[in-house]
Amino acid sequence: MSTSQVNTLSELPAHIAFSRSIEGDIAVNLSNSCAQTMTISSLLAYCDSKQPSMAELELSYASIEGGGALRQAICDFHHQVFEQTWLKPADVVTFAGAQEALRSVYHALLQPGDEVIVMTPSYPSLQAMAEQCGANLIAVELAFENQWQVNWQALNSAFSEKTAMVVINSPHNPTGMTLSEHELESIVNLCQKYHCYLVLDDVSQASQYQQNSAVRKVDYDKAILINVMSKSLGLGGIRLGWAISQDQQVRNALIAQKASGSICTSAVDEYLAHLALVNHQPILARANAIIEQNIKLFNQFLSQHSAITWHQPQAGILATIKLSDKLLAGDSIEVWTKRCAEQTGVLLLPTSLFGLSGPYCRLGLGQKDFAEGLARLSNFLNG
Ligand SMILES: Cc1ncc(COP(=O)(O)O)c(C=O)c1O
């Protein structure tokens, strides 16, 4: 095959391509979408010593839907953190990350010509995967001027007889928009009216630090919940995510997709994910305290740099910040962020990579080196 035949699926997502285009090392990723990670020994220090040792683990294939003990731990996690008490282990299918779970959901449930409603900007895959399935993306735009809140008029008119799926990501990547329980109920009602699937990409829903809005009462038979180890728990090195559906036909279709992807999740990842989920409370408490502290640091930073503004997120790990025209001094946001990265080692991703052009960048609030990133950025701004 000649290189001219390489198809568009072979292109890197824009945010990865942008990071790779930067010359020199990145010292602090101020756009990181994960909570602070930890070593295996720190994870083990949180864990109950009654757990069987990893040395006893048999290194065979795991079962295709995910091991029984892990799926029970996933259900317990959902019961305890999100009060989703109706879930059963049989409703869960594990995947190699939320990414594989989402890809399987899109490919299992969409036909060419279907419409998929996504709030934009968004995590790039939520838009790209619709296109890969031949479905039409119906974008509902979130705007800084509207505090990133849902535009209900636009959302209502986005639905049609062709709507096959609505994808909700709250707390939202990259804006930080968080849906209230009441707003989520309104979306469920719309999905019921149009008989469409509702995908809840809840990867940072457990990152709660102000008032607790983690509760998700989504008892809808066409809802598919997605979650993962990487975001709120900060354990992306455990490559494990899951999809939850009460519909057996949907689960069978997801398992069929998985059979042509990872086939099964790694037994080692399953072991570590089980340990972390059973002991999620101190892990989340630590991660969420770091986010809360970083929000305070960022507000202090803003009091010294009026050229940057934001709408402080109520939950989650991410926010979108706005830079003044004076600060950009005629440069595009892409040129400015690239220069910032190459001169200071601080990575800030422009939101154009997520589908929002204009003077905006994604800010990640989950990392312990946040203060160092702000100090470097401050020097850059002070020129
Ligand atoms: C909203 C959203 N969904 C899904 C994913 C995929 O998660 P993972 O890479 O851990 O599979 C991400 C990753 O950034 C994300 O931000």
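Which residue stands opposite C361 in strand 13? I looked it up, and P350 holds that place.

**Ground rules.** I am working with a predicted model, in which local features need pLDDT of at least 70 and side-chain atom pairs count only at pLDDT 80 or more, while totals for chains, interfaces and linings use all residues. I number residues from 1 along each chain as its sequence is written, and side-chain values use heavy atoms, with hydrogens and water left out.

**The sheet.** Strands here are DSSP runs of E with at least two residues, helices are runs of H or I with at least four, and both are numbered from the N terminus. Strand 13 covers residues 360-364 and pairs with strand 12 in the antiparallel sense over 2 bridges. Two strands count as paired if DSSP finds at least two bridges between them. Both belong to an open sheet of 4 strands in the order 9-10-13-12, with antiparallel pairing. Strand 9 (308-310) and strand 12 (349-350) are the edge strands, because each pairs on one side only.

**The ligand.** Next I looked at what surrounds the ligand. I found 14 residues, the closest being A98, N173, D201, S230 and K231; a residue counts if one of its heavy atoms lies within 4 Å. Helix 4 (residues 97-109) gives the largest share of this shell, 4 residues. By type, the shell has 5 nonpolar, 6 polar and 3 charged residues. Here Asp, Glu, Lys and Arg count as charged, Ala, Val, Leu, Ile, Met, Phe, Trp, Tyr, Cys and Pro as nonpolar, and the others, Gly among them, as polar.

I then checked polar contacts, which are pairs of N or O atoms within 3.5 Å. A polar backbone atom of A98 is 2.8 Å from an oxygen atom of the ligand. For Q99, a backbone N or O atom lies 2.9 Å from a ligand oxygen. D201 uses a side-chain N or O atom, 2.7 Å from a nitrogen atom of the ligand. The protein covers 91% of the 390 Å² of accessible area that the ligand has on its own, by the Shrake-Rupley method with a 1.4 Å probe.

I noted two cis peptide bonds. One runs from T120 to P121, with omega near 0°. P121 is in the loop between strand 3 (115-120) and helix 5 (124-132). The other joins S170 and P171, with omega about -10°. P171 is in the loop between strand 5 (163-168) and helix 7 (181-194).

How values were computed. Polar contact = N/O pair within 3.5 Å; in protein donor to acceptor, adjacent residues only side chain to side chain.
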